[in-house]
Amino acid sequence: MNNAKNNGAANSNSNNEGGRIIMADGTIRTMEAFAGTVKSAMEAVYGSGYSISIQPVTKNNGTHLTGLAIREKVINIAPTIYLESLFEEYQDGMTMEAVCKEIMRLYEQGKAVRGFDSRMVTDFNRAKERICFKLVNAERNRELLSGIPYIPYHDLAVVFYILVSRGHKDAGTILVRNSFMDAWGTDTQTIYPIAMENTQRIFRGRVQSMESVMVEMMEDMLDAGDSGEFYDMPAVTEDVFPMYVASNHDRLNGASVLLYPNLLRDFAECIGSDFYILPSSIHELIFLPDTEDMDVEYMKMMVQGINGSEVAEEEVLSDNVYFYSRAYDRVEIV
């Protein structure tokens, strides 16, 4: 463990008095020092019954984050709390005591992992009802894909995860790795239909007009109802330049609806035309009905520009534009 005082943390210390964090604020200039100070504070708060660790984590698109894991020693799994955003808030004036209290809140919020059966990673029968899939960029995740099962899809990759917990617009997940597949004695062709069934059932798809999305942005998600389908279709709008947003009701890894059986076909029938697919992020797609004046090169530039300036690096899906053909019932890169 790095000593915080030797890494830019001047006049910082912590202890625990009656469950309250006592910490003098200092100037911490590096993530390494910040992480070390937070680790020391959490060790003081939680005591010897817990294991506190700092670990580098590689996320989607090769993004590297600093993870803090707080684990009860009698439990073999722990939620990971990423420290980058908290470090930014600290640099903007948030006190170290407030940082630690926020970490404690996030840890309590993530305790749903206590109900996770760790035998899922070795027993396929225990895992199969929680295996889902999502879409990621293949090239940006080349290193990650070398250690996990996946199915190529154009410039993307279908990857699998075990759903540990599900909250409002977030979820606790464990990425399925090659070692899991070895223990399960299975392959991607076996788990793909299982993951498809689970993903559609748990994360119901939805296509909405852009206008509808803006109206509902601050509202609660609508009840999915008792429909036998795994997605909802929009009412066709009369906009001069209609745009539709495709995702799931959680807006979490919603680009996966691209693979939901019949969703693209039914949407094309709904609007009465072929359409372009713009990858807004890993969480959602934009559908644009095909018209005579569509400028494909402009759409590509728009996607690339938004990815470069508006979308978080770890949430970028692709710089390409796709086209769905009703005649062939397939998606192609244009």
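This is a predicted model: local features need pLDDT of at least 70, side-chain atom pairs count only at pLDDT 80 or more; totals for chains, interfaces and linings use all residues.
Mean pLDDT for the chain comes to 84, and 81% of the residues reach 70 or more.

Helix α2 covers residues 84-91, and its buried residues are L86, F87 and Y90. Looking down the axis of α2, you'd find these buried residues within an arc of 100°, so they line one face of the helix. There's a simple rule behind that kind of pattern: an α-helix has 3.6 residues a turn, so residues three or four places apart point the same way. What sits over the buried residues of α2? The cover includes α1 (31-46), β5 (80-82) and α3 (96-109). Once α2 is done, G93 comes just after it, with a positive phi of about 120°.

Next up is helix α7, which runs over residues 188-202. How does its span agree with what 15 residues should give? At 1.5 Å a residue the helix should span 21 Å, and its end C-alpha atoms are 20 Å apart, which agrees. The buried residues in α7 are T188, I191, A195, M196, N198, T199, Q200 and I202.

Now for some strands. β13, at residues 275-281, is mostly covered, with six of its seven residues buried. One partner of β13 is strand β14 (residues 284-289), and the two pair in the antiparallel sense over six bridges. Together β13 and β14 make a hairpin, with two residues between them.

Is S325 buried or exposed? Its relative accessible area is 11%, and anything under 20% counts as buried, so S325 is buried. The side chain of S325 reaches the backbone nitrogen of Y328 at 3.3 Å. Leaving aside residues up to four places away in sequence, S325 touches D274 and R330.

**Two loop residues with positive phi**

Last stop: the loop between β12 (244-248) and α9 (263-271), where R251 lies. N262 is found in the loop between β12 and α9 too. R251 has a positive phi even though it isn't glycine, and N262 also has a positive phi without being glycine. The table sets out their values.

| Residue | Phi | Relative accessibility |
|---|---|---|
| R251 | near 55° | 22% |
| N262 | near 75° | 40% |

Which class do these accessibilities put them in? R251, at 22%, counts as partly exposed. N262, at 40%, counts as partly exposed as well.

How values were computed
Residues are numbered from 1 along each chain as its sequence is written. Side-chain values use heavy atoms; hydrogens and water are left out. Buried means under 20% relative accessible area, exposed over 50%, partly exposed in between (1.4 Å probe, protein chains only). Helices (H or I, at least four residues) and strands (E, at least two) are DSSP runs, numbered from the N terminus. The arc is that of the directions from the helix axis to the C-beta atoms. Contact means heavy atoms within 4.5 Å. The expected span of a helix is 1.5 Å times one less than its number of residues. A polar contact is a pair of N or O atoms within 3.5 Å; within protein, one must be able to donate a hydrogen and the other to accept it, and residues adjacent in sequence count only if both atoms are side-chain atoms. pLDDT is the predictor's confidence in each residue, from 0 to 100. Two strands pair if DSSP finds at least two bridges between them.
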